Amino acid sequence: MQLAVLVVLAWSASAERDSVSPRDASSRLADELLEIPEAQLNIANAALRLSTLAVPAANPSQGNAMLDAIARRVSALVGPSTAPDLRIRAINTVLYRELGFAYDEASLKNPRAQAPTVGTLWHVLASRRGNCVSLPLLWYAVAERLGYPVVAVAAPQHLFLRYDDGSYRSNIEATSGGGSHTDEQLAMDLEIPEAGVRSGAYLRSLSKRDLLAVLIAEGAGPALMRGQLDNAIPLLERALRVDPRAVETQVQLARALQLKARRTGDADFDRQARMHARFATALGAAAPLKDGYWDDFVTRRL
């Protein structure tokens, strides 16, 4: 089936409403964060600020204090050691065994119905439950504070992490206890097309700015759920200007533009939607995962 057709079928009927909502605040926040140079970018702080798009009551200062406390505990376990395996095990111990962070069970049972708040760093810190975005983001935020060489890696509807100091390299599956899996295992389990790997759409280590672009695209989620396309589209466009290979964002933007075309009857929106759908196809976009997939994926790794 053509991706452009899948785009129409996959989009929730609830997004047919186009409520009027101010978009300047979210766009200004995205622009402000994107102006920060890579070397000065703090992903945890950016993620906490973007959390306010889904959770207006989110408190970035409190979230940063919580992350500081977690990082101090990890540092106490690791001591002066620079051994990568010890660092990884220490973060896993603190997050999953001591503090009880875990995958949100409601999201496993019905991924399509999960609220966009579940993917925010604030939600996972406040509830100790997260999903395929927020749990890796939490792990990353702790490693970032400690100066560990950890990067995020793109996968279909998913992020995982990679510790890579130039001599030691290990993938980290933060959604299920921080276990290690090879690229080949993940490509098979996540059903990643070879074309998607070749293009760099998947299994690519993301720069901080690339990861920020992912988070900005995630920040469009609340507006998309409410059908506020004029709020969501500018965020998705900003994210793609940073990382055009972000295939999941290409698909999201194609969906949003296609709905915009349907509502307005403007053929230009339809043309743009088809263009982004073609980009996603050329990048090797993965097919939508079957119902219950993430339940099986996480369970296999617990």
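Helices here are DSSP runs of H or I with at least four residues, numbered from the N terminus. The model is a predicted one, and the points below should be read accordingly.

- Most residues other than glycine have a negative phi.
- Leucine 203 has a positive phi, near 65 degrees, and this residue is buried because its relative accessible area of 12% falls under the 20% cut-off.
- Glutamate 191, which is likewise not a glycine, has a positive phi of about 55 degrees, and it sits in the loop that joins helix H9 (183–189) to helix H10 (194–199).
- Glutamate 191 counts as partly exposed, since its relative accessibility is 42%.

**The S4–S5 hairpin**

- Strand S4 (residues 158–164) pairs with strand S5 (residues 169–172) in the antiparallel sense, over 4 bridges, and tyrosine 163 stands opposite serine 170 in S5.
- The two strands form a hairpin with 4 residues between them, and in the turn glycine 166 has a positive phi of about 100 degrees.

**Packing of H13 and H14**

- Helix H13 (residues 229–242) packs with helix H14 (residues 247–264) at an angle of about 145 degrees, the axes being 10 Å apart, and their crossing is left-handed.
- The residues that make this contact include Leu229, Ile233 and Leu236 of H13 together with Leu253, Ala256 and Arg263 of H14.
- Sorted by class, the contact of H13 with H14 has 9 nonpolar, 3 polar and 4 charged residues.

Terms used. Residues numbered from 1 in each chain as written. Predicted model: local features only at pLDDT ≥ 70, side-chain atom pairs only at ≥ 80, totals over all residues. Heavy atoms only, no water. Axes fitted to C-alpha atoms, helices over the stretch in contact; angles between N-to-C directions. Left-handed = near helix turned anticlockwise from the far one by under 90°. Contact = heavy atoms within 4.5 Å. Nonpolar A, V, L, I, M, F, W, Y, C, P; charged D, E, K, R; others polar. Pairing = 2+ DSSP bridges. Buried < 20%, exposed > 50% of the residue type's maximum accessible area, 1.4 Å probe, protein only.
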